[in-house]
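Please look at the chain below before reading on.

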Amino acid sequence: MIELVDVSKRYKNGVNALNKISLKIDQGEFVYIIGPTGSGKSTLIKLLDGEEVPTSGTVNVVGINIGKLKHNKVPLYRRNIGVVFQDFRLLKAKTVFENISYALEVISMKKSIIRHRVRQVMNLVGLDDKGSSFPKELSGGQQQRVAIARAIANKPKILITDEPTGNLDPAMSDEIMALLEKINREEHTTIVMVTHDNNLVDKHKKRTIVLENGHIVADLQKGGYVRHD
């Protein structure tokens with residue numbers, strides 16, 4: 001599903017964001033990516049969604065070599081990827097239903113199919129009664145649910161969540177985690193979650209990849225930490 005082999009990323013300003021990292025994430029896994037600011041988490045996300053290409057090494061996602069992906073093929077590739085951000089990024093002038101349906105309209109899905117899928121994901125995220133509401137009328141947790149519904153509307157194979165609970169209180173964070181676990185279980189979506197919330201990681205235990213200074217320093221799996229030297 002996702003495989004990185006000896007991947008390095010050096011930016012034009014000289015910053016080495018990632019240094020020879022190797023990583024494999026199987027279909028259906030739920031994986032945390034943690035580490036301090038500047039550890040390479042954001043660069044890893046950018047590689048996975050095709051925003052950046054590796055300086056060296058190989059990034060394969062859903063069978064596609066990102067380093068060889070032509071620029072005009074990136075939008076098509078991104079149909080495999082759903083992304084959820086900390087700040088929701090909803091369209092303020094559109095209703096909940098319209099925010100979700102917009103993600104399907106831009107890929108030219110038939111209107112009848114759009115209506116069915118939007119109702120389906122609204123039910124999945126627990127927003128059946130909020131279709132005509134605007135983002136400003138929703139709580140932070142509800143807005144994040146809309147963002148998640150929009151991200152999974154076209155049934156992506158991978159859902160990347162970048163600090164999805166960063167603006168939420170602990171109780172709401174638990175609700176969002178329960179929702180992501182439900183999506184992982186029912187939609188069979190591979191989830192890669194970047195987070196700084198160590199309490200959440202400890203409470204909702206998953207495989208955890210630890211980044212420091214562009215290196216994978218630990219991989220916490222069922223058997224415990226595996227050091228990467």
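Predicted model: local features only at pLDDT ≥ 70, side-chain atom pairs only at ≥ 80, totals over all residues.

Residues are numbered from 1 along each chain as its sequence is written, and side-chain values use heavy atoms, with hydrogens and water left out.

Q: Why are H5 and H6 called roughly parallel to each other?
A: The axes of H5 (residues 140-152) and H6 (residues 170-186), which are lines fitted to C-alpha atoms over the stretch in contact, cross at roughly 20° and come within 10 Å. Angles under 35 degrees count as roughly parallel, and H5 and H6 are therefore described in that way.

Q: What makes the contact of H5 with H6, by residue class, nonpolar, polar or charged?
A: With contact meaning heavy atoms within 4.5 Å, Gly141, Gln144, Arg145, Ile148 and Ile152 in H5 meet Met172, Glu175, Ile176, Leu179, Leu180 and Ile183 in H6. These residues divide into 7 nonpolar, 2 polar and 2 charged, where Gly counts as polar.

Q: How do you know that H5 is largely enclosed by the rest of the structure?
A: Buried means under 20% relative accessible area (1.4 Å probe, protein chains only), and 11 of the 13 residues of H5 are buried, so the helix is largely enclosed. What covers them includes E6 (81-84), H3 (96-105) and H6.

Q: Why is Phe88 called buried?
A: Phe88, in the loop between E6 and H3, has a relative accessible area of 12% and is therefore buried.

Note on methods: Axes fitted to C-alpha atoms, helices over the stretch in contact; angles between N-to-C directions. Helix = DSSP H or I, 4+ residues; strand = E, 2+ residues; numbered from the N terminus. Parallel < 35°, antiparallel > 145°, perpendicular 65-115°, else oblique. Buried < 20%, exposed > 50% of the residue type's maximum accessible area, 1.4 Å probe, protein only.
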